[in-house]
Protein chains: 2
Amino acid sequence: MEYTKITSDILAQITQIIGAQNVFTDEESLGNYAHDETEDLKYYPEVVVKPTDANQISALLRLCNANHIPLTPRGGGTGLSGAALPIYGGILLSMEKFKAIIDIDTENLQATVEPGVITEDFINAVGEHGLLYPVDPSSKGSCFIGGNVAHGSGGPRVVKYGTIREYILNLEVVLPTGEIIWTGANTLKYASGYNLTQMMIGSEGTLGVVTKIVTKLVPKPQQSVLMLASFGENEKACAAVSAIFRAGIVPSALEFMERKGVEWVIKFDDIKFDLKPDVNAFLLIEFDGDDMDTIFKDCEKVNLVLEQFECRDVLFADTTQQKEDLWRMRRTMAESVKSNSVYKEEDTVVPRAALPKLINGIKEIGSRYGFESVCYGHAGDGNLHINIIKAGMSDADWKNKLKDGIVEIFELTSALGGTISGEHGIGLVQKEFMPIKYSEVNLNLMRGIKSIFDPNGILNPGKIF
Amino acid sequence: MEYTKITSDILAQITQIIGAQNVFTDEESLGNYAHDETEDLKYYPEVVVKPTDANQISALLRLCNANHIPLTPRGGGTGLSGAALPIYGGILLSMEKFKAIIDIDTENLQATVEPGVITEDFINAVGEHGLLYPVDPSSKGSCFIGGNVAHGSGGPRVVKYGTIREYILNLEVVLPTGEIIWTGANTLKYASGYNLTQMMIGSEGTLGVVTKIVTKLVPKPQQSVLMLASFGENEKACAAVSAIFRAGIVPSALEFMERKGVEWVIKFDDIKFDLKPDVNAFLLIEFDGDDMDTIFKDCEKVNLVLEQFECRDVLFADTTQQKEDLWRMRRTMAESVKSNSVYKEEDTVVPRAALPKLINGIKEIGSRYGFESVCYGHAGDGNLHINIIKAGMSDADWKNKLKDGIVEIFELTSALGGTISGEHGIGLVQKEFMPIKYSEVNLNLMRGIKSIFDPNGILNPGKIF
């Protein structure tokens, strides 16, 4: 696609709109916003802007729309699919100055928040009012809530509390053509025409720039118990997952971790953990609620299930510190694995009973192509992150043959009823794989929807399809 | 809009596609499908068809698309917004022969079901496997699950279990241009491009015809308690609603009923109920779970809240029969009210703490315009159904002035952060009110999305916008 380069005249207009102090063209700034956390990809924008209100974004998008300049919105830069990379240059729009928690409405259990708020800050702020916002991706300490909306992000608590789609009630959005709209209403239910709020969620910044977010909140549970169950085999651990739900148990988190992931966390981080030699897989299981008796009953029930899958050992985290250590182990796993090797990350999701077939298939494919893999993730949702590790693969094979292996992984995922991303999105790096799962008819519907919102294709071009 | 009338030649082609035994043009059949449950509206189709598989629907839509013939899909005919009325004539497509529960997947806690299955039949079928599908609108005994998808339907258990959007994982859809697609994947999470599944939900049969539905299921709770709390005033009952959630309590249902609604149920139905003279409003509160101790703790907590709002009396339904009677009272309320008077039904939804202002406002507007109203609904979600009763209003005023009163109700709803429909949809009768809440920009986005799915505007034309 051909876009207009930013001339000094256009730059002057951008500066007029945003204010000189929030417009950056120095090499260091451009470099800082040339990448996210997707492998080692780098795309330099021509200019970085940090607007402070929706009207500035509106004026900027009108300018881009009139002059055919690409604009790429960016949240915390923690994305894993390259959705925030300015692949055609143009303007990189950082939302980092949209930092206000505008309102925590304790009467209605709702909040209004700007998209540049760090997810964990928001969780903590509502927590002080005894409320829970249960959407907490592993990157919660640095990702923005706006990025979570853009990607339909999840996290461990989806399994009990539902996806982000249940928690986003209404959005203020600047359209690519410059209009500012609210997509819906501040209500728990909505049947008032096409649901534009849901349309925005997971659209990866290609349909509009979110400038305010109204969320649902729920009462914060007072108690929780965290258990770490260890298994001799991946397959047994994965098979236990669906059995837990079949037994009528709904944990507030149910995470899977491979031994190798834990090994690398121990190496990378300073977590003390006694990793026994015969253990190859773990399930991290959390129950929350207000009543410890009920929680303990769930723990007992889950123990009975785990025994059927040759669970070796169950560790109960009693103290806050122990709980935090175990969660840190899970949350820093991606970072730890990546610090050790050239890697590629995939985000498969399947119906949860298909997890054993998925993990066995991944290992089998890896053995044929010569790559290793470390798998972990939100097993309760059937969502398995795969860190593919270069290991003994030659540079040439990594470059030329890996893709075929990934295609095989996604073909397997699709055959099991799954899809190619559960929460990381498609962005730049997964779009070539979309046809594995979705027909040209599906993709054309998406392209058509895009053309309605963004007739000139200026907003985050080159992503998803 | 101008559409082609069905000629004998076209009818022959329709008959060829669907089979003569499933094509109806006799007056009785046309009359049976000329109305739904929306007031007294009647629009006759030119032909009624009852296809038996998706390929027939595909061929039919190709025929309609090529010849510019309107086609209106219809579920159980229980709609309250006129969305299934064939206002331009043409073909009425009844989904009543799509009656198969294809699969109840007890491994993955999912089911695949055809859209013509009656919602209650589906709930009972999964219940036999110890599973819960918690989307149960009041019309569950006669509505179709496909209609529920089309309308984003709710019901009392949304308050704990989330909306239908959490339970619909994947849809097989015939597009207006005839292609058959699956909208997504059979997974609990999805971040693989624009969410076409969510786009279909609540689109009221204007974007495609759903032919298969994959749902999420959850373990069925083993126990429940149902309480009926009575109040002297509507406002106090409504104010108690948000206080319950603020106290950290999440019931599995929290319904509001006005005295007049109960009076008319007693008249219409054969329910025995001792309606005390000083009681004017009720909250029907349900808790479910596996553990009676926990449920009783919730009951105690909720009692403490209710006391603060001058609750008169709390009745505990002990037996299955008592529970069923109370639920029947709530569920037959619409029918009972309608059997007594000329009426119009609205489906307001606001942030739940705004309920007292909403109900007081409705009464005040009614007193100025001369209509009465009976209010009831899913108060836990802020969703209040309003049956507007003609009462002393003259025929002329009912015809000419009522609309202004409804506009005032919706303006109030909107000012309180709410919207004009929570679960009944917009269809035909609410579309004139959409501009009260949504800008022309919003409506044009909806029209644009419609044009992408249905370039010739043949599928359920004249609805929503």
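Guide: The following account treats the aromatic pairs first, then the charges over rings, and finally a sheet of chain B.

The model is a predicted one. Over all chains, the structure holds 16 aromatic pairs. One of them is formed by Tyr190(A) and Tyr438(B), whose ring centres are 6.2 Å apart and whose planes stand at 85 degrees; an angle over 60 degrees counts as edge-to-face, so this pair is edge-to-face. Tyr190(A) belongs to the loop between strand E9 (180-182) and helix H7 (196-200) of chain A, while Tyr438(B) belongs to the loop between helix H16 (434-437) and helix H17 (440-453) of chain B, and the pair therefore joins two chains. Tyr190(A) is buried, at 11% relative accessibility, and Tyr438(B) is likewise buried, with a relative accessible area of 3%.

A further pair lies within chain B. The rings of Tyr3(B) and Tyr88(B) have centres 5.2 Å apart and planes at 55 degrees, so this pair is tilted. The two residues are 85 residues apart and link distant parts of the chain: Tyr3(B) is in the segment before helix H1 (8-18) of chain B, and Tyr88(B) is in the loop between strand E3 (71-74) and strand E4 (91-94) of that chain. With a relative accessible area of 12%, Tyr3(B) is buried, whereas Tyr88(B), at 26%, is partly exposed.

In chain A, ring pairs connect Phe122(A), Tyr133(A) and Tyr167(A) into a cluster.

Charges over rings come next. Lys99(A) lies over the face of Phe144(A), at 4.5 Å from the ring centre. In chain B, Lys99(B) lies over the face of Phe144(B), also at 4.5 Å from the ring centre.

Seven strands make up an open sheet with antiparallel pairing, in the order E15-E12-E14-E13-E17-E18-E16. Strand E15 (311-317) and strand E16 (343-349) of chain B are at the edges with a single partner strand each, so one side of each has no neighbour in the sheet. On average, neighbouring strands of this sheet are turned by 20 degrees against each other, direction ignored. Strand E17 (residues 372-378) and strand E18 (residues 383-389) of chain B pair in the antiparallel sense over seven bridges, and Gly377(B) stands opposite Leu384(B) in E18(B). Helix H9 (residues 259-268) of chain B packs on the sheet, where it touches strand E13 (253-258), strand E14 (281-289), E17 and E18 of chain B; the direction of H9 makes about 85 degrees with that of E13(B).

Key
Residues numbered from 1 in each chain as written. Chains lettered and ligands numbered in written order. Predicted model: local features only at pLDDT ≥ 70, side-chain atom pairs only at ≥ 80, totals over all residues. Heavy atoms only, no water. Phe/Tyr/Trp six-rings, centres within 6.5 Å; stacked < 30°, edge-to-face > 60°. Helix = DSSP H or I, 4+ residues; strand = E, 2+ residues; numbered from the N terminus. Buried < 20%, exposed > 50% of the residue type's maximum accessible area, 1.4 Å probe, protein only. Lys NZ or Arg CZ within 6 Å of the ring centre and 35° of its normal. Pairing = 2+ DSSP bridges. Axes fitted to C-alpha atoms, helices over the stretch in contact; angles between N-to-C directions. Contact = heavy atoms within 4.5 Å.
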